[in-house]
Structures are given as structure tokens and as C-alpha cells.
Amino acid sequence: GLHVTTTRAHLQRLLERGSVIQRDERVGVGRPRKRYYALPLRQHVMDVPRSYHLLTEVLASVLGGSPEKAEAAVAEWALKTIDLDLLGMALEQQPTWPEKVAAVRRLLIQWGYEPSVTSDGDDATEIKMATCPFRAEAGQSVEVVCGAHRGLLKGVLKVLGEPGAEVDLQPFAQGTTCFLRLSRSPGDQGESND
């Protein structure tokens, strides 16, 4: 019963929150129809107990302050642990770049970040992260913690069919706020998850 413009505005907000995904559906000639699908409610924020903070400190010392080792280890863990269903992406078709970014954003929310998209394009998205559940550890070993974050995101993007995606993380770019840029080569459609 709502006007189409009002409906579009509400659907856009739901897309930004990661509550729905949008797919274009071709029916005959003309512009494709936009179909919206609700995603499973998995928006609970993961509690990061003190033991995880201790584990982070141990990993930082074992990895010798190497962000490359942290990135590789966490990327491998993500590939073994995270699947499309966990990301709310158990779909028959290959998801689009915006759907993949929405899945990454939902995961960041679940892990206790407060991500907000600041710019979004066909092949690149910038995300502002106001909070980090590992901020205390990052203060002691920012390179390792941020390397682990890059590894997590690269692993997730590989699971989503984007093995060549770039992850640029700028820690504490504005006080305690970090900035994240996810990108892929222009026109790259990712890989199939089959």
C-alpha cells in the first residue's frame, strides 16, 4: 500500500543494513525487475571474551610481530571455517559485488565492529569502522592485529568467489576510527563457488 518511492527508500535502508539482498530478474524486454530477498537474522554481536584477547596477545608474540604471518594464518583459518551459509549467501546464483560487500559488513557486525559504508562503487567499497573489538591489542601490536583483520577479510572474500580482491586497511586514520577499502579489478565478476 506504500508509494513506490517510499518503498524504494525503505528497501535501500534494508540493503544498507544487510537485512535483504537485491537481484535483477529479466522478464522479456526492457529493464530487469529488482527482486528483494530477506536474509536470515544473524545480526547478534559476537561477545569477545577476555580469553580471545589473551589469545590475540599470544599470537602476536608467537608470530614475532609479523603482519604477513598473521594475515596468512587468519586467511587460511577463514577459508577452513567460514562458508557461504554462515555468510547468509547460500544462493543458487553467483552473488553480485554489492551482495558480497553486504555479507562482509554483516560479518564485521557479528564480530563486534561498527562498520558503515562511506562510498560504494561497482568494483570498490570504502567502509568506516568506528569500533574494533581488538583495539586494546592493536595498541600493543597494531601491525599483527591489522594483518589478522586483512587475512580474515581476504579469506571471506575468497569464500565469496573473489580470490583477487584487494583489502586496504588504514588503522586509526581518524583518532580511533579505521578505514577499510575492498576492491577488485574493474569488470571482474569473481569466481563461481561450484
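This is a guided tour of a predicted model, stop by stop.

**Before you start**

Residues are numbered from 1 along each chain as its sequence is written.

**Stop 1: the whole chain**

Show the protein chain as a cartoon. Look for 5 helices and 6 strands. Helices (H or I, at least four residues) and strands (E, at least two) are DSSP runs, numbered from the N terminus. Trace them from the N terminus on: the order is α-β-β-α-α-α-β-β-α-β-β.

Now show the surface. The protein chain exposes about 11,200 Å², an area that comes from the Shrake-Rupley method with a 1.4 Å probe; for residues, only the protein chains shown count as cover. Of the 194 residues, 39% are buried. Buried means under 20% relative accessible area, exposed over 50%, and partly exposed in between (1.4 Å probe, protein chains only).

How much of the contact count comes from residues 24 or more positions apart? Such pairs account for 60% of the contacts with a separation of 6 or more. A contact means heavy atoms within 4.5 Å.

**Stop 2: colour by confidence**

Colour by pLDDT, the predictor's confidence in each residue, from 0 to 100. The protein chain averages 77, and 75% of the residues score at least 70. Select strand S4 (residues 124-129): its mean pLDDT is the highest among the elements, at 92. Then select helix H2 (residues 50-62), which has the lowest mean, 61. Next, pick residues 42-46. Here pLDDT stays under 50. The model has 13 contacts beyond four places in sequence for these residues.

**Stop 3: the start of the chain**

Select Leu 2. It sits in the segment before helix H1 (4-17). Is Leu 2 buried or exposed? It counts as exposed, because its relative accessibility is 58%. Leu 2 touches Thr 7 and His 10, not counting residues up to four places away in sequence.

**Stop 4: helix H3**

Select residues 67-81. This is H3, with 15 residues. From its first C-alpha to its last it reaches 21 Å, close to the 21 Å expected at 1.5 Å a residue. The expected span is 1.5 Å times one less than the number of residues.

Show the side chains. Pro 67, Ala 70, Glu 71, Ala 75 and Ala 78 are buried. Look down the axis: the buried residues of H3 fall within an arc of 125 degrees, so they line one face of the helix. That arc is taken from the directions from the helix axis to the C-beta atoms. On the other side of H3, Lys 69 and Lys 80 are exposed.

**Stop 5: helix H4**

Move to residues 97-110. The 14 residues of H4 should span 20 Å, and the end C-alpha atoms are 20 Å apart, which agrees. H4 is mostly covered, with 13 of its 14 residues buried.

Pick Glu 99 in H4. It counts as buried because its relative accessible area is 3%. Leaving aside neighbours within four places in sequence, Glu 99 is in contact with Ile 21, Gln 22, Arg 23 and Met 89.

Pick Arg 106, also in H4. Arg 106 is buried too, with a relative accessible area of 7%.

Just after H4, find Gly 112. Its phi is positive, at about 105 degrees.

**Stop 6: strand S3**

Select Pro 115, in strand S3 (residues 115-120). Pro 115 counts as buried because its relative accessibility is 6%. Not counting residues up to four places away, it touches Arg 105, Leu 108, Ile 109, Ile 127, Lys 128 and Met 129. Arg 17 is 98 residues away along the chain, and the two C-alpha atoms are separated by 10.0 Å.

**Stop 7: the nonpolar core**

In soluble globular proteins, nonpolar side chains tend to be buried together. A nonpolar core is a set of buried Ala, Val, Leu, Ile, Met, Phe, Trp, Tyr and Cys residues joined through side-chain atoms within 4.5 Å.

Which members of the largest core touch the most others? Of its 30 residues, they are Leu 87 and Leu 180. H4, S4, helix H5 (135-159), strand S5 (166-174) and strand S6 (177-183) each give two or more residues to this core. H5 gives the most, with 7.

End on Leu 87. Beyond four places in sequence, it touches Ile 82, Ala 103, Arg 106, Leu 107, Val 156, Val 159 and Leu 160.

Key:
Predicted model: local features only at pLDDT ≥ 70, side-chain atom pairs only at ≥ 80, totals over all residues. Heavy atoms only, no water.
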